[in-house]
Amino acid sequence: MTQPLPLALAPAVPPSGLRRQLDRWFAPPEADSRRTTWPALMLFLAPALIIYAALTAYPVVRTFYNSFFTIADIESAKFVGLAHFAELARDKTFWAAVRNTAIWSAVAPLLDVATGLLLALCLYAGVPFARFLRVAWFTPVLLSYVVVGIMWVWIYNYDWGVVNAMLRSVGLGSWARSWLGDPNFALAALMITHAWKWAGFNMVVCLAALHSLPSEVLEASELDNCGWWDKLVHIIVPMLWPTLLNLYILAFIGKMKVFDLVWIMTEGGPLWSTETVSTYVYKRAFNWNTFDLGYPSAIAVVWFVVVVGFVVLFNLLFRRRERLEY
Amino acid sequence: MPTIRPLLLRGTLAVLSGAFCCATLSLPASAQGAGKATEPQTVTMWSHWPDEAAKRGFVEERVKRFEATNTQCKVNLQFIQKSDLYASVKTSVRTGQAPDIFWLEPDEIAFAKSGYLEPLDSHIELKNLEDWARSEWTVNGKVYGLPVEAYTVELYYNKDLIKKLGMEPPASMQMTQAQFTELVKKAAAAGITPLANGVGDRPYPGAYFLQEVLLRKLGPDDYKLLLTGKLSFTDPRVIEAMTWVKQLVDAGAYPKSFSTMKLGESHYYFHTNPGALMFPIASWYTGRAFVAPEKGGQPKGFPLGIMKYPALENSKCPECKTLAVGGSYVMYSRSKNKECAGKLLNSIATVENGTRWLEEVLLQTGIRSDANRMQGIWVLYFKELQERSKGAKFFVGTPLHYLSGKCADTFSQVLNRAFPAGQMSVQDAATQMDAACKAS
């Protein structure tokens, strides 16, 4: 049986990767003139860390903690374990909110990106008044959701809104409806509003990507008598694909958390047809005439996990794609 | 030679202690000397009604008079829209930062049940409050709100338009089911909107008509059972009432813009543009309508009438009517200025102020008052309002005063919004209400 060697006699083994890293972190200052001591480091890091801990980390941790309690009373909270999560599984309004958010997150970014690309192509092709149009199309991005929401509530108004007025003026009065009051159309109406607001942002990004395309490829396609449609479908879009994908994912993640526009325009109605997870959390926490913060915290926790899950998934997909491409 | 580290540390400490001293010195006197009656106190008061001049004026005047007679108390009065006020207050009561006094309605009684409100029993003269109004704010024998505003649910109408349709309300001012159906159909055929409600920013006005019909059909006892989940919405009497309302809806009773029209807009829709035949709304109609036309009030000489809600045949209580407490003032349980806050509330809770409220706001109040002393140009209106309540059997509280949580949300989405908008069948609406509200 072999006996372990006393420590002093053990052969010198090169430190592992982790050990090397730790050695480097905790090395005395003289070992690396660019490094300073921990107290000095903490002094400079503390303000940022305190702000992060107070405004981000603590609320997140507290929300997780709250989700296991019923908190209605000023003095006490009652531990309920996983009861809120079990109730969530049976909550029809929550599932309606999940369905609406999923539809919005999956479909609306397509509309956003397609509109942005279309506008960028118009500018790229050199339409008349391109400078003016570029500013005009980008302006909605600068407006707040409150302004956009109120404006579009007016645009969709049944009696005097622009949409219905236009329909009536071309003899399609029977198509006029209360766009935000009809459960079949309300969500689509909101998605269009959202696309209108963000089209300018997508346009700017697409336009920058279009200008950075290699001109020799486009010129070669023209020499080969490639029509504008084929050029768009077979050359421009494939070359823009990484940009379009990035825009889609950004929009997807943003829409998973959509709140402001919905709250201003419909408050989740009619009949929960525009309820999103964020509006439902807010309603349960601050709008219902009840005081429990535990249940809305449970919804927030579940949705936090879902959003983080998607972020991780997209990261993995992107990494794999990068490896394939390069 | 001193190194840079100790210097940095010393500097940081100096800055921190300086900031702490400044922060301490800049604290308001009320916060530093919390609870000391002899020191000046600044009472923070948040009120709704920023756009209702008469109510706002009434409150401002009461505060001004209070400050003049109580020099040790100052009042920081702010008027905030109801939705914003509720959102702020619901957050701030949890963190100890709510105002000393704030505006609340009895459907938010959860504030009291959760310990966020101070009982007013020892602060105000309870004998100056109407018994029914006091009961709306009573939890476990303690009174938590000063019921400044009270109202009945009325059916206003345009006298000229009804004449134009060749109809008149009967002498009793209460139409039968058949007469009312005919009126709605005639108005819709003439291109006049029969009922001018909108639910864009409120969870209740769309249900006013149905709730009044249900109250009369069921009588107060069974109506209360319905609102407390002890009677099913599939009860044949409830279905009968809902079926009739659905017939009216299908006949075009409500505006097409019903779902998005806001409360303030619905007033304007009724009396000015485009003009509607009737307006089922609470008697606080006056707050928005009895101001100058250029500020959104009804036109001068507007032919305003008030009729009773129609009753279904075989209604158990045709004379029944909803009476409710509206805007009230409550005190925060963690207030540091309870003495001044209590004095302020007590100064408002007098018979004299109750009568002033009637005169100035032309609306009922939960504070005792003397309507016979009323004067002014709107006396005739107020007499008509009283006339419509003569012989009435009052049911105290609106549905939202009884419903909470999921049930209240379903009421708002289904009975307030989708059902009167014609988006749901009677059976669907009843089933959804039962699923959310029925006590197991």
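A residue counts as buried if 20 or more other C-beta atoms lie within 10 Å of its own. The structure discussed here is a predicted model.

Q: What makes both faces of E3(B) covered?
A: In a regular strand the side chains alternate between the two faces of the sheet. Ile101(B) and Trp103(B) lie on one side of E3(B), Phe102(B) and Leu104(B) on the other, and all of them are buried. Each of these residues therefore has 20 or more other C-beta atoms within 10 Å of its own.

Q: What makes E3(B) and E12(B) a pair, and in which sense do they run?
A: Four bridges join E3(B) to E12(B), and the strands run antiparallel. With at least two bridges required, the pair qualifies. Phe102(B) stands opposite Val330(B) in E12(B).

Q: Why are strand E2 (73-79) and strand E12 (328-331) of chain B said to stand at the edges?
A: The open sheet has four strands in the order E2-E1-E3-E12 (chain B), with mixed pairing. E2(B) and E12(B) each have a single partner strand, so one side of each is left without a neighbour in the sheet. Neighbouring strands of this sheet are turned by 25° against each other on average, direction ignored.

Q: Which strands pair with E9(B), E6(B) being one of them, and what is the sense of its pairing with E8(B)?
A: Strand E6 (residues 150-158) of chain B is joined to E9(B) by five bridges and runs antiparallel to it; Tyr156(B) stands opposite Phe279(B) in E9(B). Strand E8 (residues 193-195) of chain B pairs with E9(B) in the parallel sense over two bridges, and Leu195(B) has Met278(B) as its bridge partner.

Q: How do you know that domain 1 and domain 2 of chain B are in contact?
A: Contact requires C-beta atoms within 7 Å. By this criterion, 17 residues of domain 1 of chain B are in contact with 18 residues of domain 2 of chain B. The side of domain 1 that touches domain 2 comprises nine nonpolar, three polar and five charged residues.

Key
Residues are numbered from 1 along each chain as its sequence is written. Chains are lettered from A and ligands numbered from 1 in the order in which they are written. This is a predicted model: local features need pLDDT of at least 70, side-chain atom pairs count only at pLDDT 80 or more; totals for chains, interfaces and linings use all residues. Two residues are in contact if their C-beta atoms, placed from the backbone, lie within 7 Å. Ala, Val, Leu, Ile, Met, Phe, Trp, Tyr, Cys and Pro count as nonpolar, Asp, Glu, Lys and Arg as charged, and the others, Gly among them, as polar. Axes are lines fitted to C-alpha atoms, for helices over the stretch in contact, and angles run from 0 to 180 degrees between N-to-C directions. A residue is buried if 20 or more other C-beta atoms lie within 10 Å of its own, exposed if 12 or fewer, and partly exposed in between; C-beta atoms are placed from the backbone.
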